Amino acid sequence: MRIDIVTIFPEYLAPLELSLIGTARRNGLIDLAVHDLREFTHDRHRTVDDTPVGGGAGMVMRPQPWAEALSHVAGLAPGRPRLIVPTPSGRPFTQAFARELAGESWLALACGRYEGIDERLFSYAAADLGLDVVPVSLGDFVVNGGEVAALAIVEAVARLLPGVVGNAESLVEESHEGGLLEYPVYTKPARWVPAAPAASGGAAYEVPAVLLSGNHAAIARWRDEQRAERTVARRPDLLAGTALVGGLADLEGREATAADLPELIVLTRACWVPEAREMETVDFPPMTDGPVEHARALREWTIWVWRSGGRLVASGRGRRDPDDPSVWQVGRLMVAPDLAGRGIGRAVLAFVESLAPADVTSYWINTGRRSLRNQRIYKKAGYRLAPWESAVHPETVDLIKPRRLVRSCEWFEG
Ligand code: JD8
């Protein structure tokens, strides 16, 4: 792969001479060049910026030096590079996009500074140089220039190229591969006593026993569960896409449409049979709701469905409590009976919670008074029985959970 980077701070890209990327460049796997934008100025002060038209703070990068720099780069090899432009207003850079770029033969990166680059430069690059201009953002935060983004993008793409990372196997189980976060890792000693000041008075820290069992199937299962649990706790938003949950590598989530309702009626009735047995009646909404009720629910709730291999296998819905908008009601959490017990329900619950608007302060859920398994799952997710009789049905109970930011220590409790 060929990579050309244009910047006014070439030394900022020096880290790309180090480690795996440096080795890959020396082994000819990557042909990377850094170009100083000031080489494409012609005045004594090598000026690359000027005041913003229309007023405002800061300076804007002039289009002319950039035009000459990109025209020079475009002429360095046959074909045309994809022009990656780091900017806070770009499309989010993701592992999936890194994989896409790793399939390219030539990338160019334009690292802006100041308030950014004159917008006309991008029209020129597309129209006159025939470049595919791709504005990309490293994340929802602001830094002072495109160089740190270029470092991250080049490393994320280059490490996916054949031969750059020694053991390609290790690329598979990483965060964001398969839509989930990675599992926790440990090394020797299995029993570690910190040789450092410890409030715990030198207590030992053990490695999870399953990892010492030699039972590879159990280890793989534990690692899958850890990936799902971490994703549920830290990034439930990742569950809105294709994710490896409950051993299903292709679980795909999206908002429900009317086309999903026929299957949703069937799955709902299948999933509420155990509760009907416990309540000794089938005369309650999950069992009696038909097309009309489900269509109304589609208007009144945000309903999501998850499919695996095209089969509707899970669903959940959320909405503001009509009587108290600070409460986010979670309902109709369901997982196909044949897939129960794999952590999919917990993942769906966490995802529906993550749909709650920022001003929501608590969650509410309702289930059968005798549905102890469901109540256990909800309590494990932080819910507590509500101190009132449920208005839904006398044979049901309400469970509530205050919404709170995850405290740092909880990050490591998974
Ligand atoms: C390129 C100039 C600074 C940005 C005024 C601060 C990416 N995720 C990201 N955050 N920030 C950038 C980024 C910032 C840049 C440039 C990328 C060029 N700046 C500007 C607009 C507000 N200053 C980025 N990728």
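This is a predicted model: local features need pLDDT of at least 70, side-chain atom pairs count only at pLDDT 80 or more; totals for chains, interfaces and linings use all residues.
I began with burial: 45% of the 414 residues in the chain are buried, meaning under 20% relative accessible area with a 1.4 Å probe and protein chains only. Residues are numbered from 1 along each chain as its sequence is written, and side-chain values use heavy atoms, with hydrogens and water left out.

Next I looked up the overall build. I found 14 helices and 17 strands in the chain, taken as DSSP runs (H or I, at least four residues, for helices; E, at least two, for strands) numbered from the N terminus. I also noted that the C-alpha trace spans about 85 × 55 × 40 Å along its principal axes.

Then I turned to the ligand. I see 18 residues around the ligand, the closest being Pro86, Glu115, Gly139, Phe141 and Val143; a residue belongs here if one of its heavy atoms lies within 4 Å. By class, I have nine nonpolar, seven polar and two charged residues in this shell.

Which backbone atoms lie by a nitrogen atom of the ligand? I found a polar backbone atom of Gly139 at 3.0 Å from a ligand nitrogen and one of Val143 at 3.1 Å. Such polar contacts are pairs of N or O atoms within 3.5 Å.

Last, I checked the elements: β5 gives the most to the shell, with three residues.

Technical notes
A polar contact is a pair of N or O atoms within 3.5 Å; within protein, one must be able to donate a hydrogen and the other to accept it, and residues adjacent in sequence count only if both atoms are side-chain atoms. Ala, Val, Leu, Ile, Met, Phe, Trp, Tyr, Cys and Pro count as nonpolar, Asp, Glu, Lys and Arg as charged, and the others, Gly among them, as polar. Buried means under 20% relative accessible area, exposed over 50%, partly exposed in between (1.4 Å probe, protein chains only).
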